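User: Hey, I've got a structure to look at for class and could use a hand. Can we go through it together?

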Amino acid sequence: MSETNKRVLGVNIIGIPTEEEYWNCPGVPSEKRMLKGPVAVIECFQEIPCNVCEDACPFGAIKVGHPITNLPVLDEDKCKGCKLCIPICPGLAIFVVDLSREGEARISLPYEFLPVPSVGEEVDALDRWGRVVAKAKVVQVLYSEKFDKTYIITISVPKKYAFFVRSIKVRR
Amino acid sequence: MKDVYDVAIIGSGPAGLAAAIEVAKHGCKKAVILDENFRPGGQLFKQIHKFFGSKEQYAGIRGFVIGETLMNEAKDLGVEILLRTSVIGLFNSNYDVKTIGIYSHDKGVREIKAKRIIIATGARENVIAFPGWTLPGVMGAGAAQTLMNIYRVLPGERVLMIGSGNVGLIVTYQLLQAGAKVVGIVEAMPKVGGWGVHAAKILRMGVPIFLSHTIKEAIGKEYVEKAVIWEIDRNWKPIKGTEKVFEVDLICLAVGMIPNIELTRMAGCEHIYIKALGGWVPLHNMGMETTVKGVYVAGDVAGVEENSVAIEEGRLAGISCAEALGLIDSKEAVEYKETIWKRLDELRSGPFGEHRKKAKYLILQEYEKRMKT
(Lines give C-alpha, C1' and ligand atoms only; values in the text may rest on other atoms or scores of the structure.)
Protein backbone atom coordinates (compact mmCIF):
# COMPACT_ATOMS: atom_id res chain seq x y z
CA MET A 1 0.00 0.00 0.00
CA SER A 2 1.01 3.54 -0.60
CA GLU A 3 3.03 5.38 1.97
CA THR A 4 1.72 8.58 0.43
CA ASN A 5 -1.78 7.63 1.44
CA LYS A 6 -0.88 7.20 5.07
CA ARG A 7 0.71 10.61 5.31
CA VAL A 8 -2.09 12.74 4.01
CA LEU A 9 -5.67 13.35 5.02
CA GLY A 10 -8.12 16.02 4.05
CA VAL A 11 -11.01 16.29 1.71
CA ASN A 12 -9.28 18.62 -0.73
CA ILE A 13 -6.03 16.66 -0.72
CA ILE A 14 -7.05 13.04 -0.99
CA GLY A 15 -10.84 12.99 -0.65
CA ILE A 16 -10.86 11.54 2.85
CA PRO A 17 -11.88 13.96 5.61
CA THR A 18 -10.00 14.85 8.75
CA GLU A 19 -11.98 14.34 11.93
CA GLU A 20 -12.71 18.05 12.07
CA GLU A 21 -13.93 18.16 8.47
CA TYR A 22 -16.07 15.13 9.15
CA TRP A 23 -17.97 16.43 12.15
CA ASN A 24 -18.33 19.91 10.68
CA CYS A 25 -20.02 18.53 7.58
CA PRO A 26 -23.69 19.60 7.47
CA GLY A 27 -24.69 16.22 6.04
CA VAL A 28 -23.25 14.28 8.97
CA PRO A 29 -25.66 13.88 11.88
CA SER A 30 -24.64 13.84 15.53
CA GLU A 31 -23.50 10.65 17.22
CA LYS A 32 -26.42 11.17 19.60
CA ARG A 33 -28.84 10.86 16.68
CA MET A 34 -27.11 7.71 15.41
CA LEU A 35 -27.55 6.15 18.83
CA LYS A 36 -31.32 6.65 18.52
CA GLY A 37 -31.59 4.64 15.31
CA PRO A 38 -30.78 4.58 11.60
CA VAL A 39 -29.91 7.96 10.08
CA ALA A 40 -28.42 9.13 6.81
CA VAL A 41 -24.77 10.15 6.88
CA ILE A 42 -24.11 12.34 3.87
CA GLU A 43 -20.36 12.36 3.38
CA CYS A 44 -20.43 15.17 0.84
CA PHE A 45 -17.70 17.63 1.78
CA GLN A 46 -17.07 19.66 -1.35
CA GLU A 47 -19.25 22.22 -3.07
CA ILE A 48 -19.94 20.36 -6.28
CA PRO A 49 -22.96 21.00 -8.53
CA CYS A 50 -25.43 18.32 -7.48
CA ASN A 51 -28.76 18.20 -5.67
CA VAL A 52 -30.06 14.73 -6.46
CA CYS A 53 -30.36 13.77 -2.78
CA GLU A 54 -32.61 16.73 -2.04
CA ASP A 55 -35.25 15.46 -4.47
CA ALA A 56 -34.81 11.83 -3.41
CA CYS A 57 -35.71 12.29 0.25
CA PRO A 58 -39.41 11.57 0.85
CA PHE A 59 -39.30 13.37 4.22
CA GLY A 60 -37.72 16.64 3.12
CA ALA A 61 -34.80 15.98 5.44
CA ILE A 62 -32.13 17.00 2.92
CA LYS A 63 -31.72 20.59 1.79
CA VAL A 64 -29.37 21.84 -0.91
CA GLY A 65 -31.19 24.91 -2.21
CA HIS A 66 -29.44 27.49 -4.35
CA PRO A 67 -26.84 27.58 -5.65
CA ILE A 68 -26.78 23.91 -6.48
CA THR A 69 -23.21 23.73 -5.21
CA ASN A 70 -24.34 24.18 -1.60
CA LEU A 71 -23.46 21.25 0.62
CA PRO A 72 -26.47 19.10 1.45
CA VAL A 73 -27.75 19.86 4.94
CA LEU A 74 -29.34 16.98 6.83
CA ASP A 75 -32.17 17.60 9.25
CA GLU A 76 -31.40 14.72 11.59
CA ASP A 77 -34.81 14.88 13.26
CA LYS A 78 -36.70 14.62 9.99
CA CYS A 79 -34.54 11.77 8.65
CA LYS A 80 -36.09 8.36 9.21
CA GLY A 81 -33.10 6.38 8.01
CA CYS A 82 -35.14 4.96 5.11
CA LYS A 83 -32.02 4.55 2.91
CA LEU A 84 -33.66 5.82 -0.29
CA CYS A 85 -30.96 8.45 -0.69
CA ILE A 86 -28.18 5.84 -0.74
CA PRO A 87 -28.54 4.52 -4.29
CA ILE A 88 -29.41 7.88 -5.85
CA CYS A 89 -26.21 9.67 -4.81
CA PRO A 90 -23.91 9.74 -7.87
CA GLY A 91 -20.94 10.16 -5.55
CA LEU A 92 -21.84 7.02 -3.58
CA ALA A 93 -21.30 9.26 -0.60
CA ILE A 94 -24.41 8.54 1.45
CA PHE A 95 -24.49 5.87 4.15
CA VAL A 96 -27.00 5.05 6.85
CA VAL A 97 -25.57 4.39 10.29
CA ASP A 98 -27.51 2.86 13.16
CA LEU A 99 -25.87 2.74 16.58
CA SER A 100 -29.00 1.83 18.55
CA ARG A 101 -27.85 -1.74 19.26
CA GLU A 102 -25.54 -2.66 22.10
CA GLY A 103 -21.95 -3.11 20.92
CA GLU A 104 -23.01 -3.19 17.29
CA ALA A 105 -22.97 -0.69 14.43
CA ARG A 106 -25.16 -1.24 11.42
CA ILE A 107 -23.86 0.45 8.32
CA SER A 108 -25.81 0.59 5.08
CA LEU A 109 -23.76 1.31 2.00
CA PRO A 110 -24.16 1.48 -1.78
CA TYR A 111 -22.77 -1.51 -3.66
CA GLU A 112 -22.23 -1.80 -7.42
CA PHE A 113 -20.13 -4.95 -7.79
CA LEU A 114 -20.64 -8.60 -8.48
CA PRO A 115 -21.24 -10.92 -6.78
CA VAL A 116 -23.82 -9.26 -4.56
CA PRO A 117 -23.54 -10.71 -1.04
CA SER A 118 -26.45 -12.51 0.59
CA VAL A 119 -28.05 -11.95 3.95
CA GLY A 120 -26.12 -13.81 6.62
CA GLU A 121 -22.92 -13.92 4.60
CA GLU A 122 -19.66 -12.95 6.22
CA VAL A 123 -17.70 -10.33 4.27
CA ASP A 124 -14.56 -8.27 4.86
CA ALA A 125 -15.19 -4.80 6.22
CA LEU A 126 -12.86 -2.23 4.68
CA ASP A 127 -11.95 1.20 5.96
CA ARG A 128 -11.66 4.37 3.88
CA TRP A 129 -8.24 3.26 2.63
CA GLY A 130 -9.52 -0.13 1.55
CA ARG A 131 -7.81 -1.95 4.42
CA VAL A 132 -9.58 -4.96 5.93
CA VAL A 133 -10.27 -3.92 9.51
CA ALA A 134 -12.99 -6.31 10.62
CA LYS A 135 -15.33 -9.08 9.70
CA ALA A 136 -18.84 -7.97 8.86
CA LYS A 137 -22.09 -9.82 8.68
CA VAL A 138 -24.56 -8.88 5.98
CA VAL A 139 -27.90 -8.26 7.68
CA GLN A 140 -29.92 -6.82 4.82
CA VAL A 141 -29.74 -6.56 1.02
CA LEU A 142 -32.13 -4.10 -0.55
CA TYR A 143 -32.81 -3.79 -4.23
CA SER A 144 -35.49 -2.31 -6.43
CA GLU A 145 -35.52 -1.36 -10.08
CA LYS A 146 -35.61 2.25 -8.97
CA PHE A 147 -32.16 1.83 -7.46
CA ASP A 148 -30.88 1.27 -11.01
CA LYS A 149 -28.21 -1.35 -10.35
CA THR A 150 -27.02 0.06 -7.05
CA TYR A 151 -27.66 -2.33 -4.16
CA ILE A 152 -28.01 -1.24 -0.55
CA ILE A 153 -26.07 -3.59 1.67
CA THR A 154 -26.45 -3.33 5.42
CA ILE A 155 -23.69 -4.86 7.50
CA SER A 156 -23.16 -5.36 11.17
CA VAL A 157 -19.74 -4.56 12.62
CA PRO A 158 -18.42 -3.96 16.13
CA LYS A 159 -19.44 -0.47 17.24
CA LYS A 160 -15.91 0.92 17.33
CA TYR A 161 -15.74 0.68 13.54
CA ALA A 162 -18.86 2.78 12.93
CA PHE A 163 -16.91 5.73 11.52
CA PHE A 164 -14.19 3.74 9.80
CA VAL A 165 -15.84 1.03 7.80
CA ARG A 166 -17.23 2.30 4.49
CA SER A 167 -16.76 -0.59 2.09
CA ILE A 168 -17.00 -4.35 1.90
CA LYS A 169 -15.26 -7.12 0.04
CA VAL A 170 -17.14 -10.27 -0.80
CA ARG A 171 -14.87 -13.27 -0.30
CA ARG A 172 -16.37 -15.47 -2.99
CA MET B 1 -34.57 26.03 -51.30
CA LYS B 2 -36.01 22.59 -51.04
CA ASP B 3 -32.91 20.82 -49.94
CA VAL B 4 -31.80 23.27 -47.34
CA TYR B 5 -31.92 22.20 -43.71
CA ASP B 6 -32.94 24.80 -41.20
CA VAL B 7 -30.33 23.67 -38.73
CA ALA B 8 -27.42 21.26 -39.09
CA ILE B 9 -25.96 20.08 -35.83
CA ILE B 10 -22.51 18.57 -35.91
CA GLY B 11 -22.05 16.02 -33.15
CA SER B 12 -24.68 14.00 -31.35
CA GLY B 13 -23.37 14.13 -27.81
CA PRO B 14 -25.35 15.73 -25.00
CA ALA B 15 -24.86 19.25 -26.41
CA GLY B 16 -25.84 18.33 -29.97
CA LEU B 17 -28.86 16.29 -28.93
CA ALA B 18 -30.08 18.94 -26.49
CA ALA B 19 -29.72 21.58 -29.22
CA ALA B 20 -31.63 19.44 -31.74
CA ILE B 21 -34.43 18.80 -29.24
CA GLU B 22 -34.73 22.52 -28.58
CA VAL B 23 -35.00 23.58 -32.21
CA ALA B 24 -37.39 20.75 -33.04
CA LYS B 25 -39.52 21.49 -29.99
CA HIS B 26 -40.06 24.99 -31.31
CA GLY B 27 -41.38 23.71 -34.58
CA CYS B 28 -38.34 23.28 -36.74
CA LYS B 29 -39.14 20.49 -39.18
CA LYS B 30 -35.79 20.37 -40.91
CA ALA B 31 -33.10 19.74 -38.36
CA VAL B 32 -30.32 17.27 -38.99
CA ILE B 33 -27.62 15.86 -36.77
CA LEU B 34 -24.39 14.71 -38.37
CA ASP B 35 -22.20 12.28 -36.46
CA GLU B 36 -19.22 10.19 -37.51
CA ASN B 37 -19.95 7.39 -35.06
CA PHE B 38 -22.05 4.26 -35.43
CA ARG B 39 -24.55 5.44 -32.87
CA PRO B 40 -25.63 8.78 -31.51
CA GLY B 41 -24.95 9.89 -27.95
CA GLY B 42 -21.32 10.92 -28.08
CA GLN B 43 -19.46 9.89 -24.95
CA LEU B 44 -22.66 9.28 -23.01
CA PHE B 45 -22.89 5.68 -24.16
CA LYS B 46 -19.78 4.61 -22.34
CA GLN B 47 -20.72 6.41 -19.15
CA ILE B 48 -22.17 3.73 -16.92
CA HIS B 49 -22.13 5.79 -13.74
CA LYS B 50 -24.89 7.97 -12.36
CA PHE B 51 -24.50 11.62 -13.25
CA PHE B 52 -24.26 14.68 -11.05
CA GLY B 53 -26.29 17.84 -11.50
CA SER B 54 -29.98 18.52 -11.04
CA LYS B 55 -33.10 17.05 -12.58
CA GLU B 56 -32.98 19.67 -15.35
CA GLN B 57 -29.90 17.81 -16.60
CA TYR B 58 -31.15 14.29 -15.81
CA ALA B 59 -28.93 13.92 -12.76
CA GLY B 60 -28.97 10.70 -10.74
CA ILE B 61 -29.38 8.76 -13.98
CA ARG B 62 -26.63 6.69 -15.61
CA GLY B 63 -24.95 8.42 -18.54
CA PHE B 64 -25.95 5.92 -21.21
CA VAL B 65 -29.58 6.17 -20.11
CA ILE B 66 -29.39 9.96 -20.44
CA GLY B 67 -28.04 9.35 -23.95
CA GLU B 68 -30.95 7.09 -24.81
CA THR B 69 -33.45 9.55 -23.36
CA LEU B 70 -32.07 12.47 -25.37
CA MET B 71 -31.74 10.40 -28.53
CA ASN B 72 -35.32 9.14 -28.34
CA GLU B 73 -36.64 12.60 -27.66
CA ALA B 74 -34.80 14.00 -30.69
CA LYS B 75 -36.05 11.17 -32.89
CA ASP B 76 -39.63 11.52 -31.65
CA LEU B 77 -39.49 15.19 -32.54
CA GLY B 78 -38.54 14.29 -36.10
CA VAL B 79 -34.86 15.19 -36.04
CA GLU B 80 -32.95 13.42 -38.78
CA ILE B 81 -29.76 11.74 -37.58
CA LEU B 82 -27.09 10.89 -40.13
CA LEU B 83 -24.61 8.47 -38.62
CA ARG B 84 -21.18 7.39 -39.89
CA THR B 85 -21.11 10.79 -41.49
CA SER B 86 -18.04 12.97 -41.08
CA VAL B 87 -18.11 16.67 -41.71
CA ILE B 88 -15.07 17.36 -43.85
CA GLY B 89 -15.63 20.94 -44.87
CA LEU B 90 -17.47 24.14 -44.02
CA PHE B 91 -17.35 26.37 -47.07
CA ASN B 92 -17.37 30.11 -47.61
CA SER B 93 -21.05 30.45 -47.02
CA ASN B 94 -23.26 33.46 -46.65
CA TYR B 95 -25.43 34.11 -43.62
CA ASP B 96 -28.55 32.43 -44.95
CA VAL B 97 -27.28 29.29 -46.57
CA LYS B 98 -24.20 27.49 -45.47
CA THR B 99 -22.56 24.64 -47.33
CA ILE B 100 -21.31 21.62 -45.44
CA GLY B 101 -19.08 19.01 -47.02
CA ILE B 102 -19.74 15.55 -45.65
CA TYR B 103 -18.44 12.06 -46.18
CA SER B 104 -20.69 9.16 -45.33
CA HIS B 105 -20.08 5.43 -45.44
CA ASP B 106 -22.90 4.83 -47.91
CA LYS B 107 -22.98 7.91 -50.11
CA GLY B 108 -19.37 9.04 -50.16
CA VAL B 109 -18.54 12.71 -50.43
CA ARG B 110 -21.33 15.20 -50.95
CA GLU B 111 -22.61 18.60 -49.91
CA ILE B 112 -25.58 19.54 -47.82
CA LYS B 113 -26.89 23.00 -47.08
CA ALA B 114 -28.21 24.48 -43.88
CA LYS B 115 -29.36 27.89 -42.74
CA ARG B 116 -27.73 27.56 -39.34
CA ILE B 117 -24.96 25.37 -38.01
CA ILE B 118 -24.39 24.24 -34.45
CA ILE B 119 -20.94 22.82 -33.87
CA ALA B 120 -20.97 20.41 -30.94
CA THR B 121 -17.89 18.35 -31.66
CA GLY B 122 -16.80 17.84 -28.07
CA ALA B 123 -13.26 17.28 -26.92
CA ARG B 124 -10.61 14.61 -27.07
CA GLU B 125 -8.12 13.18 -24.64
CA ASN B 126 -4.67 14.58 -24.07
CA VAL B 127 -1.68 12.28 -23.87
CA ILE B 128 1.72 12.58 -22.28
CA ALA B 129 4.91 11.11 -23.70
CA PHE B 130 7.37 9.06 -21.64
CA PRO B 131 9.84 6.30 -22.44
CA GLY B 132 7.84 3.29 -23.59
CA TRP B 133 4.62 5.21 -24.20
CA THR B 134 4.25 3.82 -27.72
CA LEU B 135 4.01 0.23 -26.46
CA PRO B 136 0.65 -1.48 -26.92
CA GLY B 137 -1.08 -1.29 -23.57
CA VAL B 138 -0.69 2.46 -23.16
CA MET B 139 -3.95 4.18 -23.99
CA GLY B 140 -6.27 6.99 -23.05
CA ALA B 141 -8.57 6.31 -20.11
CA GLY B 142 -11.47 7.15 -22.40
CA ALA B 143 -10.28 4.57 -24.90
CA ALA B 144 -10.15 1.94 -22.17
CA GLN B 145 -13.67 2.98 -21.17
CA THR B 146 -14.90 2.59 -24.74
CA LEU B 147 -13.39 -0.89 -25.00
CA MET B 148 -14.89 -1.96 -21.67
CA ASN B 149 -18.29 -0.40 -21.68
CA ILE B 150 -19.19 -0.38 -25.37
CA TYR B 151 -17.29 -3.32 -26.85
CA ARG B 152 -17.19 -5.37 -23.62
CA VAL B 153 -13.47 -5.98 -23.91
CA LEU B 154 -11.35 -5.58 -20.81
CA PRO B 155 -8.19 -3.96 -22.19
CA GLY B 156 -5.98 -5.06 -19.31
CA GLU B 157 -6.02 -7.03 -16.11
CA ARG B 158 -3.54 -5.04 -14.06
CA VAL B 159 -3.78 -1.34 -14.58
CA LEU B 160 -1.91 1.82 -13.65
CA MET B 161 -3.92 5.02 -14.03
CA ILE B 162 -2.10 8.28 -14.77
CA GLY B 163 -4.06 11.31 -13.59
CA SER B 164 -6.53 11.75 -10.73
CA GLY B 165 -9.03 14.07 -12.35
CA ASN B 166 -12.63 12.92 -12.47
CA VAL B 167 -12.00 10.90 -15.65
CA GLY B 168 -9.11 9.00 -14.06
CA LEU B 169 -11.07 8.35 -10.87
CA ILE B 170 -14.29 7.30 -12.60
CA VAL B 171 -12.58 5.03 -15.13
CA THR B 172 -10.62 3.44 -12.27
CA TYR B 173 -13.90 2.61 -10.54
CA GLN B 174 -15.29 1.16 -13.76
CA LEU B 175 -12.14 -0.92 -14.34
CA LEU B 176 -12.68 -2.38 -10.88
CA GLN B 177 -16.31 -3.09 -11.73
CA ALA B 178 -15.16 -4.86 -14.89
CA GLY B 179 -12.89 -7.08 -12.83
CA ALA B 180 -9.49 -5.48 -13.39
CA LYS B 181 -6.98 -4.84 -10.64
CA VAL B 182 -5.93 -1.21 -10.52
CA VAL B 183 -2.51 -1.04 -8.85
CA GLY B 184 -2.68 2.70 -8.31
CA ILE B 185 -3.39 6.18 -9.56
CA VAL B 186 -0.49 8.51 -10.19
CA GLU B 187 -0.97 12.24 -9.68
CA ALA B 188 1.72 14.86 -10.29
CA MET B 189 0.06 17.47 -8.10
CA PRO B 190 0.25 17.19 -4.30
CA LYS B 191 -3.53 16.76 -4.25
CA VAL B 192 -6.22 14.82 -6.04
CA GLY B 193 -7.44 16.58 -9.18
CA GLY B 194 -11.04 15.38 -9.24
CA TRP B 195 -13.84 15.41 -6.73
CA GLY B 196 -13.28 13.97 -3.28
CA VAL B 197 -16.27 11.64 -3.55
CA HIS B 198 -14.81 9.97 -6.65
CA ALA B 199 -11.42 9.60 -4.92
CA ALA B 200 -13.04 8.25 -1.75
CA LYS B 201 -14.91 5.51 -3.56
CA ILE B 202 -11.81 4.02 -5.19
CA LEU B 203 -9.60 4.49 -2.13
CA ARG B 204 -12.01 2.43 -0.04
CA MET B 205 -11.81 -0.32 -2.65
CA GLY B 206 -8.10 -0.44 -1.92
CA VAL B 207 -6.67 1.53 -4.86
CA PRO B 208 -3.84 3.79 -3.66
CA ILE B 209 -3.34 7.29 -5.04
CA PHE B 210 0.31 8.33 -5.39
CA LEU B 211 0.37 12.11 -5.02
CA SER B 212 3.39 14.10 -6.26
CA HIS B 213 4.36 11.19 -8.50
CA THR B 214 4.77 10.81 -12.22
CA ILE B 215 5.41 7.98 -14.60
CA LYS B 216 9.06 7.34 -15.41
CA GLU B 217 8.70 4.66 -18.03
CA ALA B 218 6.74 1.77 -19.42
CA ILE B 219 8.73 -1.41 -19.88
CA GLY B 220 7.90 -4.34 -22.11
CA LYS B 221 9.10 -6.29 -25.10
CA GLU B 222 6.04 -6.32 -27.31
CA TYR B 223 3.53 -4.77 -24.96
CA VAL B 224 3.45 -3.18 -21.54
CA GLU B 225 4.72 -5.51 -18.84
CA LYS B 226 5.86 -3.06 -16.18
CA ALA B 227 5.38 0.55 -15.22
CA VAL B 228 7.87 2.58 -13.22
CA ILE B 229 6.75 5.67 -11.32
CA TRP B 230 8.71 8.08 -9.18
CA GLU B 231 8.14 10.97 -6.85
CA ILE B 232 8.60 14.55 -7.99
CA ASP B 233 9.64 17.52 -5.88
CA ARG B 234 8.03 20.95 -5.69
CA ASN B 235 9.74 21.99 -8.90
CA TRP B 236 8.39 18.93 -10.69
CA LYS B 237 11.87 17.36 -10.72
CA PRO B 238 11.86 13.58 -10.31
CA ILE B 239 13.59 12.37 -7.16
CA LYS B 240 16.07 9.57 -7.84
CA GLY B 241 15.70 6.54 -5.64
CA THR B 242 11.94 6.92 -5.20
CA GLU B 243 11.07 4.59 -8.06
CA LYS B 244 8.29 2.07 -7.63
CA VAL B 245 7.78 -0.74 -10.13
CA PHE B 246 4.41 -2.31 -10.90
CA GLU B 247 3.65 -5.31 -13.01
CA VAL B 248 0.89 -4.10 -15.27
CA ASP B 249 -0.44 -4.82 -18.74
CA LEU B 250 -2.30 -1.54 -19.12
CA ILE B 251 -1.37 2.08 -18.48
CA CYS B 252 -4.26 4.50 -18.83
CA LEU B 253 -3.70 8.20 -19.43
CA ALA B 254 -6.26 10.54 -17.91
CA VAL B 255 -4.40 13.81 -18.28
CA GLY B 256 -7.05 16.22 -19.45
CA MET B 257 -8.97 16.98 -22.60
CA ILE B 258 -8.69 19.43 -25.47
CA PRO B 259 -11.63 20.93 -27.41
CA ASN B 260 -12.15 19.66 -30.98
CA ILE B 261 -11.99 23.04 -32.71
CA GLU B 262 -11.05 21.94 -36.24
CA LEU B 263 -14.45 22.88 -37.60
CA THR B 264 -14.78 26.18 -35.74
CA ARG B 265 -11.37 27.06 -37.18
CA MET B 266 -12.50 26.04 -40.63
CA ALA B 267 -15.65 28.12 -40.28
CA GLY B 268 -13.49 31.15 -39.54
CA CYS B 269 -14.58 31.64 -35.93
CA GLU B 270 -12.26 33.63 -33.70
CA HIS B 271 -10.71 31.81 -30.78
CA ILE B 272 -9.11 32.53 -27.45
CA TYR B 273 -6.66 30.46 -25.40
CA ILE B 274 -8.04 29.62 -21.96
CA LYS B 275 -6.21 26.98 -20.00
CA ALA B 276 -9.11 26.42 -17.61
CA LEU B 277 -11.27 25.34 -20.54
CA GLY B 278 -8.73 23.03 -22.15
CA GLY B 279 -6.96 25.35 -24.62
CA TRP B 280 -8.16 27.24 -27.69
CA VAL B 281 -11.91 27.76 -27.67
CA PRO B 282 -14.21 29.73 -30.00
CA LEU B 283 -15.52 33.09 -28.82
CA HIS B 284 -19.29 33.16 -28.47
CA ASN B 285 -22.09 35.29 -27.10
CA MET B 286 -24.78 34.42 -24.55
CA GLY B 287 -26.74 32.65 -27.26
CA MET B 288 -23.67 30.53 -28.14
CA GLU B 289 -23.29 32.23 -31.53
CA THR B 290 -19.66 32.53 -32.65
CA THR B 291 -18.03 35.49 -34.37
CA VAL B 292 -19.26 33.95 -37.64
CA LYS B 293 -22.95 34.81 -37.91
CA GLY B 294 -25.20 31.80 -37.99
CA VAL B 295 -22.57 29.44 -36.62
CA TYR B 296 -23.13 28.35 -33.03
CA VAL B 297 -21.19 26.19 -30.58
CA ALA B 298 -22.18 24.13 -27.56
CA GLY B 299 -20.59 21.71 -25.12
CA ASP B 300 -16.95 20.76 -24.75
CA VAL B 301 -15.88 22.36 -28.05
CA ALA B 302 -16.67 25.66 -26.33
CA GLY B 303 -14.64 24.68 -23.28
CA VAL B 304 -14.17 21.32 -21.56
CA GLU B 305 -16.74 21.06 -18.78
CA GLU B 306 -19.44 18.68 -17.59
CA ASN B 307 -22.30 16.84 -19.25
CA SER B 308 -24.76 19.05 -17.36
CA VAL B 309 -23.17 22.17 -18.84
CA ALA B 310 -23.10 20.63 -22.32
CA ILE B 311 -26.85 19.97 -22.17
CA GLU B 312 -27.59 23.52 -21.04
CA GLU B 313 -25.32 25.06 -23.69
CA GLY B 314 -26.96 22.87 -26.32
CA ARG B 315 -30.32 24.25 -25.24
CA LEU B 316 -28.98 27.80 -25.52
CA ALA B 317 -27.69 27.20 -29.05
CA GLY B 318 -30.97 25.54 -30.02
CA ILE B 319 -33.05 28.40 -28.68
CA SER B 320 -30.87 30.95 -30.46
CA CYS B 321 -31.30 29.12 -33.76
CA ALA B 322 -35.05 28.88 -33.24
CA GLU B 323 -35.08 32.61 -32.54
CA ALA B 324 -32.97 33.42 -35.60
CA LEU B 325 -35.28 31.33 -37.77
CA GLY B 326 -38.30 33.15 -36.43
CA LEU B 327 -39.72 30.10 -34.66
CA ILE B 328 -39.82 31.74 -31.28
CA ASP B 329 -40.31 35.40 -30.44
CA SER B 330 -37.43 37.34 -29.01
CA LYS B 331 -39.02 38.05 -25.67
CA GLU B 332 -39.66 34.40 -24.98
CA ALA B 333 -36.18 33.49 -26.20
CA VAL B 334 -34.54 36.07 -23.95
CA GLU B 335 -36.41 34.83 -20.89
CA TYR B 336 -35.59 31.23 -21.65
CA LYS B 337 -31.94 32.00 -22.17
CA GLU B 338 -31.81 33.90 -18.90
CA THR B 339 -33.21 30.89 -17.04
CA ILE B 340 -30.57 28.67 -18.59
CA TRP B 341 -27.75 31.10 -17.77
CA LYS B 342 -28.95 31.18 -14.19
CA ARG B 343 -28.63 27.41 -14.06
CA LEU B 344 -25.21 27.56 -15.76
CA ASP B 345 -24.00 30.11 -13.23
CA GLU B 346 -25.04 27.74 -10.47
CA LEU B 347 -23.40 24.74 -12.08
CA ARG B 348 -20.23 26.80 -12.41
CA SER B 349 -20.13 27.94 -8.81
CA GLY B 350 -18.13 26.41 -5.96
CA PRO B 351 -14.45 25.53 -5.78
CA PHE B 352 -14.48 23.42 -8.97
CA GLY B 353 -16.51 25.81 -11.08
CA GLU B 354 -15.57 29.42 -10.33
CA HIS B 355 -12.51 29.46 -12.60
CA ARG B 356 -14.64 28.13 -15.46
CA LYS B 357 -17.35 30.70 -14.78
CA LYS B 358 -14.74 33.48 -14.96
CA ALA B 359 -13.35 32.00 -18.17
CA LYS B 360 -16.79 31.81 -19.76
CA TYR B 361 -17.56 35.44 -18.96
CA LEU B 362 -14.17 36.39 -20.40
CA ILE B 363 -15.24 34.67 -23.63
CA LEU B 364 -18.45 36.72 -23.69
CA GLN B 365 -16.49 39.96 -23.10
CA GLU B 366 -13.94 39.15 -25.78
CA TYR B 367 -16.75 38.32 -28.18
CA GLU B 368 -18.33 41.75 -27.58
CA LYS B 369 -14.97 43.46 -28.11
CA ARG B 370 -14.28 41.67 -31.38
CA MET B 371 -17.75 42.28 -32.73
CA LYS B 372 -17.46 46.00 -32.06
CA THR B 373 -14.29 46.35 -34.10
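User: What covers the buried residues of H1(B)?
Analyst: This is a predicted model. In it, the cover over the buried residues of H1(B) includes strands S1 (4–10), S2 (31–34) and S6 (108–119) of chain B, plus helices H2 (63–76) and H7 (307–324) of chain B.

User: How many of the residues in H1(B) are buried?
Analyst: 11 of its 12 residues are, so call H1(B) mostly covered, with a residue counting as buried if 20 or more other C-beta atoms lie within 10 Å of its own. Among the buried ones are Pro14(B), Leu17(B), Ile21(B), Glu22(B) and Val23(B).

User: And what does H1(B) reach from its first C-alpha to its last?
Analyst: Helix H1 of chain B takes in residues 14–25 and reaches 16 Å, close to the 16 Å expected at 1.5 Å a residue. Just after H1(B) comes Gly27(B), with a positive phi of about 100 degrees.

User: Back to H2(B). At what angle do H1(B) and H2(B) pack?
Analyst: The angle is about 30 degrees, and their axes are 9 Å apart. Angles under 35 degrees count as roughly parallel, so that is what H1(B) is to H2(B). Their crossing is left-handed.

User: Which residues meet there?
Analyst: From H1(B) you have Pro14(B), Leu17(B), Ala18(B), Ala20(B), Ile21(B) and Ala24(B), and they meet Leu70(B), Met71(B), Glu73(B) and Ala74(B) of H2(B). That contact has 9 nonpolar residues, no polar ones and 1 charged.

User: New topic: H7(B) and H8(B). Are they roughly parallel or antiparallel?
Analyst: H7(B) and helix H8 (residues 330–347) of chain B pack at about 165 degrees, with axes 10 Å apart. Anything over 145 counts as roughly antiparallel, so these two helices are roughly antiparallel. H7(B) passes H8(B) in a left-handed crossing.

User: What classes of residue are in the contact of H7(B) with H8(B)?
Analyst: There are 8 nonpolar, 2 polar and 5 charged residues. Those from H7(B) include Val309(B), Glu312(B), Arg315(B) and Leu316(B), while H8(B) brings residues including Tyr336(B), Lys337(B), Ile340(B) and Arg343(B).

User: Last one. How many residues of chain A are in contact with chain B?
Analyst: 39 residues of chain A are in contact with 38 residues of chain B. Helices H1 (3–7) and H4 (52–56) of chain A each supply at least two residues of the side that touches chain B. By class, that side of chain A has 21 nonpolar, 12 polar and 6 charged residues.

Conventions
Residues are numbered from 1 along each chain as its sequence is written. Chains are lettered from A and ligands numbered from 1 in the order in which they are written. This is a predicted model: local features need pLDDT of at least 70, side-chain atom pairs count only at pLDDT 80 or more; totals for chains, interfaces and linings use all residues. Two residues are in contact if their C-beta atoms, placed from the backbone, lie within 7 Å. Helices (H or I, at least four residues) and strands (E, at least two) are DSSP runs, numbered from the N terminus. Ala, Val, Leu, Ile, Met, Phe, Trp, Tyr, Cys and Pro count as nonpolar, Asp, Glu, Lys and Arg as charged, and the others, Gly among them, as polar. The expected span of a helix is 1.5 Å times one less than its number of residues. Axes are lines fitted to C-alpha atoms, for helices over the stretch in contact, and angles run from 0 to 180 degrees between N-to-C directions. Angles under 35 degrees count as roughly parallel, over 145 as roughly antiparallel, 65 to 115 as roughly perpendicular and the rest as oblique. A crossing is left-handed if the near helix is turned anticlockwise from the far one by less than a right angle, and right-handed if clockwise.
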